[in-house]
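Here is a short briefing on one protein chain. Keep the sequence and the 3D view open while you read.

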Amino acid sequence: MSDQSATTTVTQSITVASGIFAPGHLGELTQFLPFELVDDVLERTRTVQRRLRLVPSRVGVYFVLAMCLFPESGYLRVWSHLIAGVRVLVARIPSEKALREVRRRLGPAPFQELFETVAGPLARPSTPGVSYRQWRTVAFDGCSSLQAPDTLSIRELLGKTRRHRGVEGYPHVRLMALCETGTRGLLGAVFGPTSTGEPGYARQLLSLLNERMLLLADRNFSGDEFLNDVADTGAQLLARLTYRRRPAVISVLPDGSYLTRLRGRTFRIIEADVAADCVDGTRIADRYRLATTLLDHQADPADRLVALYHERWEIELSFLSLKDTLFAGRVLRSCDPRGLRQEVWALLVVYQSLRRAMVDAVESRPGADPDRASFTVALRAAAEQVITARTVLGPADDQSGIAQAVLGALLPPRRARTSARLVKCPVSQYTVASQERPRKSQRITSVRVVVHRRDETDPDDLGFRERTLRLLRTDPGRAWRTVEISKALGITVTAKYRSLCTQINQWAAQTMLIREGRGRYRIAPEWLAPAGQS
């Protein structure tokens, strides 16, 4: 008998729950979602079975979570994955109807409670890419591309989005998340119909912010009231404003940024042009106007904050992993509202558990950035561990564990590149491609940030508000008449004078000016430049 025809026998030791609880596991991810945690959640939500069944409540929880790891499989196929490594302990196979019934019996409450328990920051503050100075960077954003089944009850819950080319084929779920940008882990999430805007959902997550965080937000969250609500939580803020907004200037700082007030609170505004040169010679440029609560220009220079804002895009990769990798871009399988909510919460639980496993793996290698961990590799390894069931209650001792798989396939350091951003759907509302971007992704060779100084603007190019405030600062204690203001500004046209009077009343309502009498105004003290600043 030749050596290559020799055989050997491999004996494996598997430790799982006993009896009818044996199928209740999630492979190695069970270590992040242990039996004790699931039992406690079931107790708190009062969903523990009243009598022992073929599929107890704890087993049902793990079954629903396993459905998220195998979105292409039906109920019985998912069950076969759960019992593949423990088949000798399972005497009977439940029917598909029994598995449907356990989902209905559990409902969405245990999974929402489970997610709220495991959600939160994942990495240590010293982990690379997690913090800016002493603040952990986090970001808000929404995803509206999760598709739900087109059933009557789902349509009543979510409705359908109407586009200029017609109505969407499937109802969509709007998912709003607060994400830790360094690890792409979730601190919290809410979801519902797309008829509610992103700021409305984001307000439900403001309680998760604290003084140890720095929030990065896009233009959807740039309203004065929302910015002040974020600042009230104690968290620092760096948000992009819409291009049309031009806040009034209190004083210009040495780095070119300036101070303003939005609803009574002082913010710092940074205006900068960002230009990127690509390897093919293409140049992509855009203008940014950022508002921040970081007022010290020496500790937080403007160009450094402009570069930091780029971290906000990490949350987009979180949604990419959640929607396109974990759920493979499929339509959600649940055809009723309770099942839909249960499925989305379970999806978030599995996503967060995978991220925690990835962060634990990366942090075991000093100096490694969590950005280099592959979500796809971790997902495939976790699915394999469910089938083998070898690491349910113990650490992986071979190269098949999630940590070993992640560390063995670390991605290269992040490259500076730009995407083509092409729209391939013929009925999309975003069919007009940007002429500034290259037709395919390109490597970026250099990035240039130019901060604009508002004090270098030609006074003739300023609006009525800026020119009026500059005038009134020349004599802060004086009550100016509107006629005096118009003459000083060189306004002689009657229509422009009337417009100025209307705007002065608005500025007084916004507490920029104090009304001393009929047609007489002086500048509010808080709109005076601090001593030593222009």
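The protein chain holds 16 helices and 17 strands. This is a predicted model. The C-alpha trace spans about 105 × 55 × 45 Å along its principal axes. Of the 534 residues in the chain, 49% are buried. Take contacts between residues at least 6 apart in sequence: 68% of them join residues at least 24 apart.

**Helix 2 against helix 3**

- Helix 2 and helix 3 pack with their axes 10 Å apart, at an angle of about 110 degrees.
- Helix 2 is therefore roughly perpendicular to helix 3, as angles of 65 to 115 degrees count as such.
- Helix 2 brings V59, F63, A66 and M67 to this contact, and helix 3 brings Y75, V78, W79 and L82.
- By class, the contact has 8 nonpolar residues, with no polar and no charged ones.

**Helix 2 against helix 4**

- The axes of helix 2 and helix 4 (residues 96–106) cross at roughly 105 degrees and come within 10 Å.

**V78, in helix 3**

- V78 is found in helix 3.
- V78 has 0% relative accessibility, so it counts as buried.
- Beyond its neighbours within four places in sequence, V78 is in contact with F63, A66, M67, F70 and S73.
- V78 and C68 lie 10 residues apart in sequence, and their C-alpha atoms are 9.6 Å apart in space.

**F70, in a loop**

- F70 sits in the loop between helix 2 (57–69) and helix 3 (75–83).
- Is F70 buried or exposed? F70 is buried, because its relative accessible area is 5% and the cut-off for buried is under 20%.
- Leaving out neighbours within four places in sequence, F70 is in contact with V78, H81, R333, A383, V386 and I387.
- F70 and A328 are 258 residues apart along the chain, yet 9.6 Å separates their C-alpha atoms.

**D371, in another part of the chain**

- D371 lies in the loop between helix 11 (337–363) and helix 12 (375–388).
- D371 has a relative accessible area of 17%, so this residue is buried.
- Apart from neighbours within four places in sequence, D371 is in contact with G182, R184, E314, L411 and R414.

**The second largest pocket**

- The lining of the second largest pocket divides into 8 nonpolar, 6 polar and 9 charged residues.

Key:
Residues are numbered from 1 along each chain as its sequence is written. This is a predicted model: local features need pLDDT of at least 70, side-chain atom pairs count only at pLDDT 80 or more; totals for chains, interfaces and linings use all residues. Side-chain values use heavy atoms; hydrogens and water are left out. Ala, Val, Leu, Ile, Met, Phe, Trp, Tyr, Cys and Pro count as nonpolar, Asp, Glu, Lys and Arg as charged, and the others, Gly among them, as polar. Helices (H or I, at least four residues) and strands (E, at least two) are DSSP runs, numbered from the N terminus. Buried means under 20% relative accessible area, exposed over 50%, partly exposed in between (1.4 Å probe, protein chains only). Contact means heavy atoms within 4.5 Å. Axes are lines fitted to C-alpha atoms, for helices over the stretch in contact, and angles run from 0 to 180 degrees between N-to-C directions. Angles under 35 degrees count as roughly parallel, over 145 as roughly antiparallel, 65 to 115 as roughly perpendicular and the rest as oblique.
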